[in-house]
Amino acid sequence: MIAASLGVPLLRWQRRWNEGLARWCERELRSGHERALAESQGAALVLAFAIGLAATAFWMALARWGAVRVEQESLRLAGAWHLLQPLWLGFGFAQLLHAFVQRRLERAGVFAAALVGAWLVIVAGAP
């Protein structure tokens with residue numbers, strides 16, 4: 001939830017960048033540059049991939065670092081971290097219900113798969 005909330009400004013920035021690419025593409029097409037559409041789509045694809053990769057790597061590294069620090073620093077914090085794992089599942093379940101109510105079934109399916117995976121990790125134990 002934190003990553004999604006803090007990712008909103010990043011998505012807004014990306015949307016403005018894509019709008020700028022669309023305006024550039026339209027100007028270039030009007031001036032006769034026929035490859036402008038393919039170039040702008042390629043640039044948007046590279047940008048989306050780079051932003052997604054960087055954001056995912058950042059949040060995964062931060063989560064791993066946080067988990068390691070919590071478990072190393074204090075037994076009480078480590079115990080609290082593991083006790084709160086069902087709460088993280090509850091947050092995911094809330095997102096699943098929200099997506100389902102909005103009729104975004106693809107998103108609901110992704111949340112459901114993530115919840116099942118998270119539950120399996122909790123039950124089986126993380127490496």
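User: Before we start on this model, what counts as a salt bridge?
Analyst: A salt bridge is a side-chain nitrogen of Lys or Arg within 4 Å of a carboxyl oxygen of Asp or Glu. Please note that the model is a predicted one.

User: How many salt bridges does a search of the whole structure find?
Analyst: The search finds 1 salt bridge. The side chains of Glu 26 and Arg 30 form it, with an N to O distance of 2.9 Å.

User: How far apart are Glu 26 and Arg 30 along helix 2?
Analyst: They are 4 residues apart in helix 2, which covers residues 8–30, and this separates them by about one helical turn. An α-helix has 3.6 residues a turn, so residues three or four places apart point the same way.

User: Which residues of helix 2 are buried, then?
Analyst: Gln 14, Leu 21 and Cys 25 are buried in helix 2. Gln 14 has a relative accessibility of 12%, and it counts as buried because the cut-off is under 20%.

User: What is Gln 14 in contact with, leaving aside its neighbours within four places in sequence?
Analyst: Gln 14 is in contact with Leu 47, Ala 48 and Ile 51. Helix 3 covers residues 36–73.

User: What span should helix 2 have, and what does the model give?
Analyst: The 23 residues of helix 2 should span 33 Å at 1.5 Å a residue. The end C-alpha atoms of helix 2 are 33 Å apart, in agreement with that expectation.

User: What happens just after helix 2?
Analyst: Gly 32 follows there, with a positive phi of about 100 degrees.

User: Changing topic: where is confidence lowest and where is it highest?
Analyst: Confidence is lowest in helix 4, residues 75–83, at a mean pLDDT of 71. It is highest in helix 2, at 91. The protein chain as a whole averages a pLDDT of 81, and 91% of the residues score at least 70.

User: How many aromatic pairs does the structure hold?
Analyst: There are 2 aromatic pairs. One of them joins Phe 58 and Trp 59, whose ring centres lie 5.1 Å apart with 75 degrees between the planes. That pair is edge-to-face, because planes over 60 degrees apart are classed this way.

User: What does the overall secondary structure come to?
Analyst: The protein chain has 6 helices and 0 strands, which gives the pattern α-α-α-α-α-α along the sequence.

User: What radius of gyration does the chain have, against a compact globule of 127 residues?
Analyst: The protein chain has 20 Å, whereas such a globule would have a value near 14 Å. The C-alpha trace spans about 65 × 35 × 20 Å along its principal axes.

User: How much of the chain is buried?
Analyst: Buried residues make up 15% of the 127 residues. As for contacts with a separation of 6 or more, 38% are between residues 24 or more positions apart.

Terms used: Residues numbered from 1 in each chain as written. Predicted model: local features only at pLDDT ≥ 70, side-chain atom pairs only at ≥ 80, totals over all residues. Heavy atoms only, no water. Helix = DSSP H or I, 4+ residues; strand = E, 2+ residues; numbered from the N terminus. Buried < 20%, exposed > 50% of the residue type's maximum accessible area, 1.4 Å probe, protein only. Contact = heavy atoms within 4.5 Å. Phe/Tyr/Trp six-rings, centres within 6.5 Å; stacked < 30°, edge-to-face > 60°. pLDDT = per-residue confidence, 0-100. Expected span 1.5 Å × (residues − 1). Rg over C-alpha atoms; globule rule 2.2 N^0.38 Å.
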